[in-house]
Amino acid sequence: MDALDQFKEKWKNQSDSFVHLDKAQLTNILKRKSTNLVKWIFVFGLIEFALWAFLSWAFHDKSGGGISESKVFVNFFNGLEILSYAILIYFLFRFYSNYKRISLVEDTKQLMAKIMKTRKTVKLYVAINIILLIAGTIATLIMMMNFDAELMATVNDIQIKQQDKYFFARLVLVTFAILTLFTLGLLLIYWLTYGTLLRRLKANYKLLEDSEV
Amino acid sequence: MNDSLKEQFLELLESHQNIVHKVCRIYCRDQASRDDLFQEISIQLWHAYPKFRGESKFSTWMYRVALNTAITSYRKEKRQRQHLDIDNFSYALKSEPYDSTMDLQMDALYNAIGQLNDIDKALVLLYVEDNSYLEISRTLGISEVNARVKMNRIKIKLKTLINP
């Protein structure tokens, strides 16, 4: 008889050591909030939705009377805003349907495969957000150079007056430095939220995958 | 949700609660984490219950949901319990005597099981609960041969963990 079989014997006799909870206590437990993983992924998605919506509202408000009234500019920013909302709504829908589809009654491997699919959705969402941020900034710079005559005139003026040939170049560099910092910050936040939630799950999923010889 | 459904569920949960206790005991080493997991499993069972069709035994279904919840739960041991239980369901207070009455060898084995990964813990639990390899393989979604191979590896692993 090996050690595990000895353990089995003891294991079977332990039932008396459990506290028996009555229905009232169980009812109380059921009133509590679940800490379910997929639910949290969905909740993070909702928080992000609110956050991006707030940021875009805040910036929109400020730039209203701002740098340029050019039609191309306005159209461009409106387009960008609609695009980012469309992406958010699409991903919220995906998060929600992932959340709904996952059932704990399935076998463990199938369940985890579905959660990993949720993980893929999250990854794609993060990637698209970052690409959109970088592309948006680059596009804004190009638009400024081509369509914002007033701003470019001011820049030229500064370059001539202060004899600073590289003023614009430095402006672009600073923009990219801020962009890089912001992207790194964003990645850190994602790593701390989704990353923390999913790291252990990924390890467990790998164990089930590897077990198929 | 429907009151009579809830009543029915509570009755089943009350009579089968040892299954949940056992899963918590395998997955968590301290009582606070066990309480958390017990709560989470109960909630997930209740969420899943309306879809329980009685195709399998209630206990089999319960094992599946409980194990899946334990495996996919992201905070089994890491968090320090900080809040107090205001509504005071004091089921946490008992259940330690088990550890103290165990002889040293069992204690060592218990610790060794604690060091296994989440999937291996599930296998151990299903094994000591007398499930066949077919049932184990169905619960975890791996082949029967694999369940057997894995179980043998676990036995070897446990042996090395106990006698390093």
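This is a predicted model: local features need pLDDT of at least 70, side-chain atom pairs count only at pLDDT 80 or more; totals for chains, interfaces and linings use all residues.
1. Confidence in chain A. The mean pLDDT of chain A is 79, and 90% of its residues reach 70 or more. Among the elements of chain A, helix α2(A), residues 23–30, has the highest mean at 89, while helix α3(A), residues 37–63, has the lowest at 71. Over residues 61–66 of chain A, pLDDT stays under 50, and the model has one contact beyond four places in sequence for that stretch.

2. Confidence in chain B. For chain B the mean pLDDT is 82, and 81% of its residues reach 70 or more. Confidence in chain B is highest in helix α6(B), at a mean of 93, and lowest in helix α4(B), residues 97–101, at 49. A stretch with pLDDT under 50 covers residues 78–99 of chain B, and the model has 39 contacts beyond four places in sequence for these residues.

3. The contact between the chains.

4. Helices α1(B) and α2(B). Helix α1(B) spans residues 3–27, and helix α2(B) spans residues 31–48. These two helices pack at an angle of about 140°, with their axes 9 Å apart. Angles over 145 degrees would count as roughly antiparallel; α1(B) and α2(B) are therefore oblique to each other. Their crossing is right-handed. Residues of α1(B) in this contact include Leu5(B), Phe9(B), Leu13(B) and Val20(B), and those of α2(B) include Leu37(B), Phe38(B), Ile41(B) and Trp46(B). By class, the contact of α1(B) with α2(B) holds 12 nonpolar, three polar and three charged residues.

5. Helices α2(B) and α3(B). Helix α2(B) also packs with helix α3(B), residues 58–72, at an angle of about 125° and with the axes 9 Å apart. This angle makes α2(B) oblique to α3(B). The crossing of α2(B) and α3(B) is right-handed. From α2(B) the contact takes Leu37(B), Glu40(B), Ile41(B), Gln44(B), Leu45(B) and Ala48(B), and from α3(B) it takes Trp61(B), Met62(B), Val65(B), Ala66(B), Thr69(B) and Ala70(B). Nine of the residues in the contact of α2(B) with α3(B) are nonpolar, two are polar and one is charged.

6. Helices α1(B) and α6(B). At what angle do α1(B) and α6(B) pack? The angle between α1(B) and α6(B), residues 118–128, is about 135°, and their axes lie 10 Å apart. The pair is therefore oblique, and the crossing of α1(B) and α6(B) is right-handed. Lys22(B), Val23(B), Ile26(B) and Tyr27(B) of α1(B) meet Asp118(B), Lys121(B), Ala122(B), Val124(B) and Leu125(B) of α6(B). The contact of α1(B) with α6(B) comprises six nonpolar and three charged residues, with no polar ones.

7. Residues to follow in the structure. Val23(B) and Tyr27(B) of α1(B) take part in the contact with α2(B) and in the contact with α6(B). Leu37(B), Ile41(B) and Leu45(B) of α2(B) take part in the contact with α1(B) and in the contact with α3(B).

Notes. Residues are numbered from 1 along each chain as its sequence is written. Chains are lettered from A and ligands numbered from 1 in the order in which they are written. Side-chain values use heavy atoms; hydrogens and water are left out. Axes are lines fitted to C-alpha atoms, for helices over the stretch in contact, and angles run from 0 to 180 degrees between N-to-C directions. Helices (H or I, at least four residues) and strands (E, at least two) are DSSP runs, numbered from the N terminus. Angles under 35 degrees count as roughly parallel, over 145 as roughly antiparallel, 65 to 115 as roughly perpendicular and the rest as oblique. A crossing is left-handed if the near helix is turned anticlockwise from the far one by less than a right angle, and right-handed if clockwise. Contact means heavy atoms within 4.5 Å. Ala, Val, Leu, Ile, Met, Phe, Trp, Tyr, Cys and Pro count as nonpolar, Asp, Glu, Lys and Arg as charged, and the others, Gly among them, as polar. pLDDT is the predictor's confidence in each residue, from 0 to 100.
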